[in-house]
Amino acid sequence: MDKKSETTLNGKPSIFFTDKETPSSYSLSNQFAENLEFRLIKDRITATGSDAYFALSLAIRDRLVRKWLRTQHQYFQKDTKRVYYLSLEYLMGRLLGNSLINMDYYDECYKILKEDGYSLEEIREIEHDMGLGNGGLGRLAACYLDSMATLELPAFGYGIRYEYGIFNQAIEKGYQVEYPDSWLQNGNPWDILRRDLEYRVKFYGKATKVQNPDGSYRFDWQETEDVLAVAYDIPVPGYKNNTVNNLRLWQAKACADFSFKDFNAGDYVAAVASKTGSETISKVLYPNDSYVEGKFLRLKQQYFFVSATLQDIIRKYKINHKTFDKFPEKNTIQLNDTHPVVAIPELMRILIDQEGLSWVKAWSITTKTFAYTNHTVVPEALEEWSLPLFEELLPRHIQIIYEINKRFIEDVKKNYTTDPGILSAMSIINEANGRSVRMANLAIVGSYAVNGVAALHTEILKTKIFLHFHKMYPGKFINITNGITPRRWLKTANPFLSKIISDRIGENWVFDLSELRKLEKFVDDANFREEFRNAKWLTKKLLIDLIEDNNGIKINPDSMFDVQIKRFHEYKRQLLNVLHIITLYNRIKDNPKLEMVPRTIIFAGKAAPAYFMAKTIIKLINSVAEVVNNDPDVGDKLKVVFIPNYSVTLAEKIIPAADLSEQISMAGLEASGTGNMKFTLNGALTIGTMDGANIEIREEVGEENIFIFGLLADEVVKLKSSGYHPRIHYESNPMLKRVIDMIASDYFNKSEPGIFKSIVDGLLGVDYYCLLADYKAYVDAQDEVSKLYLNTEEWTRKTILNVARVGKFSSDRSIKEYAEKIWKVEPVKINQT
């Protein structure tokens with residue numbers, strides 16, 4: 001294969017081989033066998049399931065690489081504007097099945113493997129989820145990568161290649177126990193080491209003022225501790241097109257692996273200390289920052305990936321440009337939350353200290369390059385870094401931040417207000433509580449666009465959290481509601497429902513989710529409703545098998561699957577769900593012959609290792625489950641299941657089987673949520689508060705097709721400002737009082753008395769998240785759910801309408817809005833000749 005193709009690309013000889021020039025062994029069957037033999041050194045007798053997975057994944061990756069090379073080449077050749085998406089998390093899930101579907105190669109691959117004696121489904125089950133993310137932030141980023149490639153946008157993701165994921169969760173005696181998630185232990189067939197791409201990243205040291213030959217001054221960052229950032233690439237294919245974009249992950253590597261001086265002196269630990277310390281940066285996702293060392297490591301991670309990324313972006317820009325005059329015209333950098341915001345002073349440092357630009361020119365370029373996505377409405381959750389820590393780790397950057405803030409405050413005084421209180425609130429430097437850097441304020445000042453991720457969220461940003469920023473920069477704040485990719489969350493995760501949809505309306509919905517509206521005309525078709533119920537039953541049967549295998553709990557297949565799966569946090573109110581479970585349990589105990597809708601209530605999710613209350617709630621769930629599931633009076637009317645080690649792959653098994661989606665956070669605290677969208681897309685009805693994207697889901701599916709309850713966001717504020725006394729609800733509602741008294745009296749934990757005292761004290765003392773205030777409305781709404789579930793045909797009609805009207809929540813729509821409203825970037829059609 002030393003001969004280049006004579007095929008032309010834009011009138012020039014192509015640098016690529018054509019399909020005709022590839023060897024005959026490029027057939028999947030042959031390449032699969034070659035990978036087993038030559039890459040894995042196995043034959044068909046000695047090969048394990050893991051070997052088969054690696055051999056197949058490498059074969060599929062090779063096909064992606066062909067398109068990937070052409071995609072990247074044409075981006076450079078056309079000098080197109082590019083989008084760079086910076087995120088500390090990417091919750092990618094398994095890649096094999098999703099890649100096959102996007103390549104339109106799934107059925108053919110299934111057939112070829114079957115002929116060779118292998119099961120594609122069994123091979124897919126071997127793949128380990130990539131340990132690159134934790135929750136919704138990372139999953140959103142992964143959905144967006146899929147949509148950028150599907151929409152043929154020249155876009156690149158950047159992040160960190162963590163050696164260990166967040167953690168593996170086990171449940172032992174009802175308690176969450178954390179174990180390392182060593183997802184890279186056996187390697188990863190999808191990422192590609194780029195040996196020619198590594199960048200030096202600096203920490204500590206001092207910033208020294210140096211005079212240039214022309215008499216001007218610059219700052220030189222000296223006496224630093226350096227680390228190398230090594231690039232690994234993961235190809236990201238679009239759906240049924242020729243675009244393969246790129247996710248580039250940085251792994252930390254020591255500049256010097258080994259000290260012979262220390263080794264020869266007998267200090268063997270010191271000989272490798274530099275390597276160990278340097279490579280800790282990319283060792284684990286979200287180190288515990290309860291300690292000073294953890295805080296340093298988190299900030300190190302943020303700067304490490306931002307510095308390497310900017311060096312890489314500038315390297316690519318310089319291929320076609322000799323000056324920075326067109327930098328904002330050719331590059332947009334999207335900051336996914338505040339984690340990458342240190343990129344703003346870093347770009348300023350590069351432009352001023354290394355490229356010799358003036359402050360004014362550098363600031364003009366910087367503020368036309370960055371855009372910022374905010375993901376929280378909780379002021380105390382906005383990221384801040386203590387000044388002493390920041391100054392020690394990044395001494396030059398704190399100087400730049402001081403100067404940015406000085407000029408910004410002068411601008412505020414000149415063009416907006418001189419009110420000291422407002423100036424203090426808008427300042428990038430928080431002068432209270434030991435002084436700190438407000439990263440969200442820095443992001444707003446240094447970006448040309450700021451977006452929220454749901455209509456309510458954006459409104460709260462504009463009218464409450466960042467009121468004065470919005471008044472000063474009224475055109476800077478916009479809303480782009482989050483979305484999910486239908487390729488993974490319906491076509492891949494739910495083949496049964498996908499098939500009956502495609503049989504009726506064709507397959508264009510996979511690319512254009514608004515096509516699902518065509519399903520509305522089948523809502524009164526009895527045959528379609530029956531098919532819809534059968535598809536749900538099949539997914540429930542698969543989940544029952546999983547639960548019975550892993551949890552040892554016998555599940556009633558006719559029960560309603562009532563599901564709450566998400567990260568554990570008090571504001572998400574898994575505890576409110578538990579109060580309802582105990583209420584149902586009490587009804588059964590009071591009347592064992594009670595006719596009721598049988599329910600299987602399913603939880604999954606991880607609590608941060610240092611989050612005591614969230615972990616206590618997990619223990620309560622499992623303690624309640626132990627009592628409920630083993631009570632003969634209850635039988636199969638009520639089961640409580642906690643499925644451990646929540647992941648994207650587990651979500652793909654649970655969500656299609658759900659009948660009811662629990663989206664019950666206290667109103668005003670959930671920025672958007674995307675789990676609510678995934679459940680709706682898969683035919684579950686929602687019970688939820690007017691929070692996050694629930695509001696927009698209600699607008700789309702119709703208020704009669706969703707169960708909304710509880711206080712509104714402004715009612716929560718009013719209640720708290722007037723003085724909220726949760727004991728009033730406890731004393732006035734006998735049903736609620738009984739539930740809380742059972743928890744307090746150790747009814748569910750007789751062998752460990754007092755372990756739930758903190759929960760009871762929290763509810764009766766402060767009840768910060770208003771569970772008791774919303775309890776009655778929640779129970780009443782759940783009774784309405786049960787009533788509707790008894791009417792099978794009406795329930796099915798409403799689930800079909802939910803699926804039909806969920807098209808707005810495609811990540812394709814979200815990315816189109818980013819491209820049009822913020823990035824100003826156009827699709828690039830990739831020619832594969």
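Reader: In this predicted model, is C770 buried or exposed?

Author: The model is a prediction. A residue counts as buried when its relative accessible area is under 20%. The relative accessible area of C770 is 0%, so C770 is buried.

Reader: How many disulfides does the structure hold?

Author: A disulfide requires two cysteine sulfur atoms within 2.5 Å of each other. The number of disulfides in the structure is zero.

Reader: Where does D337 lie, and is it buried or exposed?

Author: D337 is not a glycine, yet its phi is positive, at about 75 degrees. It belongs to the loop between β12 (331-336) and α12 (343-354). Its relative accessibility is 15%, so D337 counts as buried.

Reader: Which loop holds D746?

Author: D746, a residue other than glycine, has a positive phi near 65 degrees. At 16% relative accessibility, D746 counts as buried. Its place is in the loop between α30 (734-744) and α31 (757-765).

Reader: Which element gives the largest share of the lining of the second largest pocket?

Author: The second largest pocket has a volume of about 1100 Å³. Of its 37 lining residues, the closest to the centre are Y106, E121, R124, T492 and P495. Elements that give two or more residues to this lining include α20 (486-492), α21 (495-505) and α22 (526-550). The largest share, seven residues, comes from α22.

Reader: How many residues of that lining are charged?

Author: The lining of the second largest pocket has 13 nonpolar and eight polar residues. The charged residues of this lining number 16.

Technical notes: Residues numbered from 1 in each chain as written. Predicted model: local features only at pLDDT ≥ 70, side-chain atom pairs only at ≥ 80, totals over all residues. Heavy atoms only, no water. 1 Å grid on protein atoms, 1.4 Å probe; cavity = no way out; pocket = protein on both sides within 12 Å on 5 of 7 lines; lining within 4 Å. Points joined across faces, edges and corners; volume = space filled by probe spheres on them. Helix = DSSP H or I, 4+ residues; strand = E, 2+ residues; numbered from the N terminus. Nonpolar A, V, L, I, M, F, W, Y, C, P; charged D, E, K, R; others polar. Buried < 20%, exposed > 50% of the residue type's maximum accessible area, 1.4 Å probe, protein only.
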